[in-house]
Amino acid sequence: MSNNKNASEIQAVDTTERITKLRTLFKKEKYNLTAYVIPSEDAHQSEYTAACDARRAFISGFTGSAGLAVVSTDDAALFTDGRYFLQANKQLDHNWTLMKQGIPDVPTWQEYLVQNLPKDSRIGIDPTLITACDAKTLKESLGKVGSSLVSTEENLVDLVWGNARPPRPCNPANVLPSKYTGRSHDDKIANLREELSKENYYGFVVSALDEIAWLFNLRGSDVKYNPVFFAYALITKDDIILYIDENKLSNEVKAHLGSSVKFRSYNAVFEDLRHLSVKFKSDNQKLLISTRTSYALTLAAGEDNTESARSPILDAKAIKNEVELEGMRQCHLRDAAAVINYFAWLEQQLSAGNVLNEIDGANRLEKFRGEQEDFVGLSFDTISASGPNGAIIHYSPEPKTCAAIDPNLLYLCDSGGQYKNGTTDVTRTIHFGKPTEQEKRAFTRVLQGHIAIDRAIFPKGTTGYLLDVLARTSLWKDGLDFRHGTGHGVGCYLNVHEGPHGIGTRIVFNDVPLQAGMTVTNEPGYYEDGKFGVRIESVVLVKEVDTPHNFGNRGYLGFERITFVPIQTKLVDVSLLDPIEHKWINGYNAECFQKVSPFLKPDSLGFRWLERETAALK
């Protein structure tokens with residue numbers, strides 16, 4: 001049961017001792033540092049990390065998935081974006097200054113190192129935790145003020161953490177059969193080699209965990225919510241080497257990979273790259289590295305021996321084949337049934353006067369998902385947020401501080417599942433009582449943006465950066481907005497956040513056009529600090545569409561929605577809708593009933609809830 005605390009009562013961790021120990025290490029002769037940079041990512045540039053790699057969270061107390069810490073001899077600064085401002089404000093103690101990225105006059109962490117630290121500073125970093133591209137740019141910027149970037153062989157935060165640091169996971173890798181993947185790993189590797197041959201590359205170092213899992217048709221569980229395993233891979237015209245702890249590999253996995261794949265220990269990749277660097281030079285070839293490859297790997301291969309570009313696997317993985325697309329459709333139907341059963345159950349419990357906290361709700365939702373075919377686990381930590389907690393964009397309820405789910409307040413639930421045939425991510429905002437006019441108006445403005453994205457038709461070559469405005473135009477009419485992207489790619493039984501594409505205001509989303517076969521979320525929102533949050537999120541597939549004309553012979557694209565959890569019509573302010581939007585809501589809800597009702601027991605609580613919630617909006 002809830003202790004009725006809300007997010008405003010979250011207690012910060014006292015980081016004084018940790019920071020003091022870190023600064024003591026600065027003074028050692030072999031380091032002699034002015035500051036130390038602690039990124040969020042691991043050695044594979046993963047967004048979500050294993051507990052042993054949560055160094056930024058350990059040193060700062062801030063547990064959000066995005067952020068970077070800089071500890072200098074005199075100050076400590078935590079940089080994060082608008083999704084986490086409220087959370088960081090609550091979790092950082094008196095030692096820290098919150099740097100709100102994206103706010104005018106707030107420097108980036110790179111600018112901070114140049115502008116706020118003394119000239120001739122020595123700034124330390126673990127070279128496995130920064131990309132080669134970022135390290136090169138940072139070294140150039142620091143050099144202009146006489147400062148230098150110092151690669152430390154040991155991670156200084158690990159030294160502070162000591163024996164309390166969790167061990168690195170060593171869970172088994174598992175084969176994902178072709179009935180789910182649609183392509184063999186041999187075919188994927190052959191295509192990769194063709195791409196490398198076209199550009200005369202010696203080979204490609206694969207460091208991103210989801211790319212390795214996709215390439216070899218394997219899945220794991222080393223990182224919570226992400227079905228990946230710790231490994232590196234080196235693909236050349238002659239060799240396929242998987243750098244992995246062989247304890248992870250069963251006979252089934254080895255048989256699946258075949259005799260062409262060689263195995264080396266996880267960290268042997270650095271030694272091998274140092275030895276191979278001589279061969280690169282003699283063959284007058286270069287090793288391709290991804291723009292997300294660590295500086296440490298680049299140093300091992302030799303900076304002059306490498307060329308950086310977006311990973312060819314990243315692009316190939318983003319465009320799903322027909323088997324993957326159908327898998328995504330099917331798992332979303334089963335997932336919708338679980339979410340609908342949960343909302344029906346939760347409404348019944350609250351109506352009966354039972355007190356449930358946000359974690360009680362999240363746990364029950366996971367149980368409903370667990371009843372579905374091919375369910376493996378959650379795709380991220382469920383955001384079960386009542387009232388003001390919904391305004392914390394990436395809120396995560398904690399046992400000691402989570403709130404009771406109040407039927408008189410908005411309830412925002414953002415959740416997802418990992419299934420053997422796909423990955424889901426769905427957000428719905430609902431009210432179990434009578435919503436206020438302000439809540440209804442905000443909800444409707446968000447819904448109008450959601451509808452605009454869903455209905456969009458656009459020429460091939462269009463990026464998500466250009467589409468983002470559609471999600472915000474209705475909010476702007478009321479002087480409202482939201483501080484997060486409108487959509488991200490979604491893996492197929494892989495990471496719930498997947499690139500290289502997305503929909504948002506960040507200029508990076510203008511680099512990659514949307515293409516048929518890609519998956520992307522549609523998730524505008526609005527957050528009233530201290531009161532409520534609204535977000536409506538569905539997953540859509542990018543598809544080719546027929547249009548009356550074909551200007552420029554470019555071809556046109558649109559979206560196929562695959563999330564079917566109804567929109568709660570009592571939250572809709574009908575006076576704000578135009579006829580097309582009104583028709584869309586009724587059409588979508590009717591489709592939810594038609595597609596999901598076969599997955600619910602007739603006359604069950606979930607079936608009756610779905611039937612009621614999909615009744616036409618008058």
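Is E195 buried, exposed or partly exposed? With a relative accessible area of 39%, E195 is partly exposed, where buried means under 20% relative accessible area, exposed over 50% and partly exposed in between (1.4 Å probe, protein chains only). The views below come from a predicted model, in which local features need pLDDT of at least 70 and side-chain atom pairs count only at pLDDT 80 or more, while totals for chains, interfaces and linings use all residues. Residues are numbered from 1 along each chain as its sequence is written, and side-chain values use heavy atoms, with hydrogens and water left out.

View 1. E195 forms a salt bridge with K198, the closest N and O atoms being 3.3 Å apart; a salt bridge is taken as a side-chain nitrogen of Lys or Arg within 4 Å of a carboxyl oxygen of Asp or Glu. The two residues are 3 apart in helix α8 (residues 185-198), so about one helical turn separates E195 from K198, with helices (H or I, at least four residues) and strands (E, at least two) being DSSP runs numbered from the N terminus. K198 is exposed, at 60% relative accessibility.

**View 2. The salt bridge of K139 and E303.** The side chains of these residues, K139 and E303, meet at 4.0 Å, N to O, in a salt bridge. Because K139 lies in helix α5 (residues 132-143) and E303 in the loop between α12 and β14 (306-309), the pair ties together parts that are 164 residues apart in sequence. K139, at a relative accessible area of 30%, is partly exposed, and E303, at 40%, is partly exposed as well.

**View 3. The salt bridge of D478 and R445.** Here the closest N and O atoms of D478 and R445 are 3.3 Å apart in a salt bridge. The pair links distant parts of the chain, 33 residues apart, with D478 in the loop between α17 (464-477) and β22 (487-489) and R445 in helix α16 (residues 437-454). D478 is partly exposed, with a relative accessible area of 25%, whereas R445 is buried, with 7%.

**View 4. A300 and its contacts.** A300 is placed in helix α12 (residues 295-301) and counts as buried at 7% relative accessibility. Not counting residues up to four places away in sequence, A300 touches F270, L273 and R274, a contact meaning heavy atoms within 4.5 Å. The C-alpha atoms of A300 and H394, 94 residues apart along the chain, are separated by 37 Å.
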